[in-house]
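Please open the model in your viewer and keep the selection tool at hand.

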Amino acid sequence: MKPDAPLRVAVMGDVHGHLSLAYTLLRRWERETARTLDLILQVGDFGAFPPPYRLDKATKRFAEHDPDELGFTDYVNGDGDAPRFLAPDAPARTRIAAETVFIRGNHEDFVFLDEASRGAEGPVPVDAFGRIAYLPNGRAFTFTRRGISLRVAGLGGVSIHGGHGYDPVSENYTAADVRALHRLDGPIDVLLTHEPPLGAAAALGPRAVERGSRDVAELLAALRPRHHFCGHWHEPGADLDAPDGVRSHLLHAVNFHKPARLNRGCIGVLTWSSPDAHTWEPLDAPWLAEYTRSTWRGLAG
């Protein structure tokens with residue numbers, strides 16, 4: 001009997017509202033590889049700012065020059081670009097079949113996310129089509145398709161001087177969030193955090209070793225997920241130091257810090273058959289050179 005096809009899970013770095021760019025790239029990957037994504041995961045700074053806008057200073061400043069910083073609005077309202085990618089009758093060339101699950105970063109509307117997820121035990125849809133879901137801190141969910149399962153947990157937000165914060169409706173994660181993850185029963189296959197772990201980024205230079213979250217480092221040592229994904233730093237994608245048995249990956253922001261080049265290592269694909277059979281491949285293909293800050297909309301389908 002032919003074995004079931006593995007799960008193919010895209011993982012994205014900070015999006016900051018640039019959802020249409022992200023979906024354009026993912027749909028191009030599907031067409032180029034003749035493969036279909038089963039699930040899309042994202043590591044925070046999703047840019048979840050629905051109107052009426054409660055923007056932090058940094059987002060407001062960037063949005064004045066780049067309206068896509070507020071791109072989440074189309075998706076929560078179900079208009080603009082959103083129907084081309086997520087509507088049930090979206091054109092085949094642009095339709096994204098996979099659902100997206102994200103954790104919070106330090107640039108979101110925290111009141112909106114708290115109200116949407118209050119009492120939830122797993123991902124909560126937050127868009128007009130029910131295709132984009134927010135995973136609250138300390139929660140886990142199991143995604144199953146074709147008889148293959150992947151268990152995902154998340155810790156969104158950032159630390160204060162490397163440790164936890166105190167306000168659950170803020171940019172910081174709390175001690176209760178961390179405890180909830182430590183209490184989870186059973187193995188975790190993928191851990192999503194917004195902030196990288198403390199001391200793990202030697203490959204990025206000596207200053208990076210002093211940055212990061214102590215709690216994330218302790219979670220990796222305790223939970224031993226097969227894969228850990230994080231963002232926040234807006235640095236080129238890289239593998240980070242991690243405990244034995246854990247692969248930790250830093251993802252860049254999905255954007256163009258240089259106008260003619262997509263940020264390196266901002267998206268990748270996890271191919272998952274089982275806890276003992278899985279691969280991670282950052283998106284790095286010749287066709288990515290076609291996408292620049294000025295051309296990508298013309299290539300969106």
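Buried means under 20% relative accessible area, exposed means over 50%, and partly exposed lies in between (1.4 Å probe, protein chains only). By that rule, 55% of the 301 residues of the protein count as buried. Before you click further, note that this is a predicted model, in which local features need pLDDT of at least 70, side-chain atom pairs count only at pLDDT 80 or more, and totals for chains, interfaces and linings use all residues. Residues are numbered from 1 along each chain as its sequence is written, and side-chain values use heavy atoms, with hydrogens and water left out.

**The whole protein**

Start with everything selected, in cartoon view. Along its principal axes, the C-alpha trace spans about 55 × 45 × 40 Å. The radius of gyration is 18 Å, which agrees with the value near 19 Å that a compact globule of 301 residues would have. That radius is taken over C-alpha atoms, and the globule rule is 2.2 Å times the number of residues to the power 0.38.

Now think about contacts, meaning heavy atoms within 4.5 Å. Among contacts between residues at least 6 apart in sequence, 66% join residues at least 24 apart.

**Helix α1**

Next, select residues 19-33, which form helix α1. The expected span of a helix is 1.5 Å times one less than its number of residues. For the 15 residues of α1 this gives 21 Å, and the end C-alpha atoms are 21 Å apart, which agrees. How much of α1 is buried? Twelve of its 15 residues are, so the helix is largely enclosed by the rest of the structure. Show side chains to see them; among the buried ones are Leu-19, Tyr-23, Arg-27, Arg-28, Trp-29 and Glu-30.

Most residues other than glycine have a negative phi, and most peptide bonds are trans. With that in mind, move to the loop between β2 (39-42) and α2 (57-65), where Pro-52 is placed. A cis peptide bond joins Pro-51 and Pro-52, with omega about 0 degrees. Asp-45 is found in the loop between β2 and α2 as well. Its phi is positive, about 55 degrees, although Asp-45 is not a glycine. Is Asp-45 buried or exposed? Asp-45 is buried, with a relative accessible area of 1%.

Then jump to His-234, in the loop between β9 (227-230) and β10 (238-240). Phi of His-234 is positive too, near 55 degrees, and at 30% relative accessibility the residue counts as partly exposed.

**Two last stops**

Select His-182, in helix α6 (residues 175-182). This residue is partly exposed, with a relative accessible area of 36%. Which residues does His-182 touch, not counting those up to four places away in sequence? They are Glu-218, Leu-219, Ala-222 and Leu-223. If you draw a distance from His-182 to Pro-168, C-alpha to C-alpha, you get 17 Å for residues 14 apart in sequence.

Finish at Gly-80, in the loop between α3 (72-77) and α4 (82-86). Gly-80 is exposed, with a relative accessible area of 54%. From Gly-80 to Arg-104 there are 24 residues in sequence and 23 Å in space, C-alpha to C-alpha.

Technical notes. Helices (H or I, at least four residues) and strands (E, at least two) are DSSP runs, numbered from the N terminus.
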